[in-house]
Amino acid sequence: MYDAGVRFVLIKGSDTIDASDAQARKFMPSDRAAAQAAGIYTGFYHYATLPDTSKKDVLIADAKAQAQKIIWRLASLGGYTERDLPLALDLEDNCVKKNRRGVCTAYMGRTLVTLWAETWLRTVYEKTGKKPFL
């Protein structure tokens, strides 16, 4: 990939959903090592799923817990290397409830989504010293 012009890659570092998180945990170390060995910068992202709540204290606690998951995952690899980019947040939608067919039936409002995202970003920055990005 380096020969094809790729200079950085974002690797899933963690996920809110346990089964997807297990896959991220399994492949993250080898993906990072292979990319960096090829001279490619690496970054890790957390795939977020918002909680079904309108209570600000619950929302903040959830954002902090999801941030902590990727912080611990990075720490398990020994922390940042000179070839690592800051952590990233993958927040794709504001759906908080789906029916059995996977169709969204409830959405979180803009103000609460912003509070959740800002809490996640601030927590990562406070714990790592590097500003994350969306």
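## A tour of the salt bridges

Start by selecting Asp-21 and Lys-69, whose side chains meet in a salt bridge with an N to O distance of 3.8 Å. Here a salt bridge is a side-chain nitrogen of Lys or Arg within 4 Å of a carboxyl oxygen of Asp or Glu. This pair links distant parts of the chain: Asp-21 sits in helix 1 (residues 18-37) and Lys-69 in helix 2 (residues 56-76), 48 residues apart. Helices (H or I, at least four residues) and strands (E, at least two) are DSSP runs, numbered from the N terminus.

Before you go on, note that this is a predicted model, where local features need pLDDT of at least 70 and side-chain atom pairs count only at pLDDT 80 or more, while totals for chains, interfaces and linings use all residues. Residues are numbered from 1 along each chain as its sequence is written, and side-chain values use heavy atoms, with hydrogens and water left out.

Now colour by accessibility (buried is under 20% relative accessible area, exposed over 50%, partly exposed in between; 1.4 Å probe, protein chains only). Asp-21 is buried at 5%, whereas Lys-69 is partly exposed at 22%.

Arg-73 is buried, at 9%.

Next, select Asp-52 and Lys-97, which meet in a salt bridge of 3.7 Å, N to O. Asp-52 lies in the loop between strand 2 (41-47) and helix 2, and Lys-97 in strand 4 (residues 95-98), so the pair ties together parts 45 residues apart in sequence.

Finally, select Asp-21, Arg-25, Lys-69 and Arg-73 together: salt bridges that share partners join them into one network.
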